Amino acid sequence: MIFAIIALVIIVLIVLWAVSAYNGLVTLRNRVKNGWAQIDVQLKQRADLIPNLVETVKGYAAHESQVFTQVTQARANALQAAQSGDVTQRIEAENQLSRAILNLQAVAEAYPQLQANQNFLDLQAQLKSLEEKIAYARQFYNDVVQKYNTKIEVVPTNIIAGLFHFEQAAYFQINEADRQVPQVQF
């Protein structure tokens, strides 16, 4: 009788641990999704702001068409990647857009009249604020991804993760090309 009670207590403890481990993994997976959703909101706002910024700069630097084309194409790629649902593709497209925006800002610096334009200054301030929010959202997302991926890999929760097919999440990383200082030529 005592052995049956001990076995029952052990089984109950194992079931409670498994439920707790599963719930912890689900919670972290949902935090990863929430973190990505927060990044998505900021990236959408940035994508909406870019056409206004491009049009303002175009008025002063119409002959810089290559930069405008680059920004427009990068924005289109980012919007297309957002619709695809592929996180890795989206990260790459957003990194490409960030590089294009840096080039646009570098072009704008060469035009003092543009630097004095209040509309341009407002757009630049909005963009700076959005970039800061995106950086914070990326940091939050990567922190949650790190916790989630660690939980999937460590013993004993890796058993539950394997049984229920929890997959590792991708970090929001910049690629090697983005680590280089952008080269702007006039």
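Helix α1 gives the most to the lining of the second largest pocket, with four residues; helices (H or I, at least four residues) are DSSP runs numbered from the N terminus. The model is predicted, with local features needing pLDDT of at least 70 and side-chain atom pairs counting only at pLDDT 80 or more, while totals for chains, interfaces and linings use all residues. Residues are numbered from 1 along each chain as its sequence is written, and side-chain values use heavy atoms, without hydrogens and water.

About 160 Å³ of space lies in this pocket, and α1 and α5 are the elements that give two or more residues to its lining. Among the lining residues are R29, W36, Y141, Y148 and E167. A pocket here is an open set of points on a 1 Å grid where a 1.4 Å probe fits, with protein on both sides within 12 Å along at least five of seven lines, and lining residues have an atom within 4 Å of a point.

| Class in the lining | Count |
|---|---|
| Nonpolar | seven residues |
| Polar | one residue |

L104 touches (heavy atoms within 4.5 Å) L53, V54, V57, V67, F68 and V71, not counting residues up to four places away in sequence.

Note on methods
Grid points are joined across faces, edges and corners, and a volume is the space filled by probe spheres set on the points. Ala, Val, Leu, Ile, Met, Phe, Trp, Tyr, Cys and Pro count as nonpolar, Asp, Glu, Lys and Arg as charged, and the others, Gly among them, as polar.
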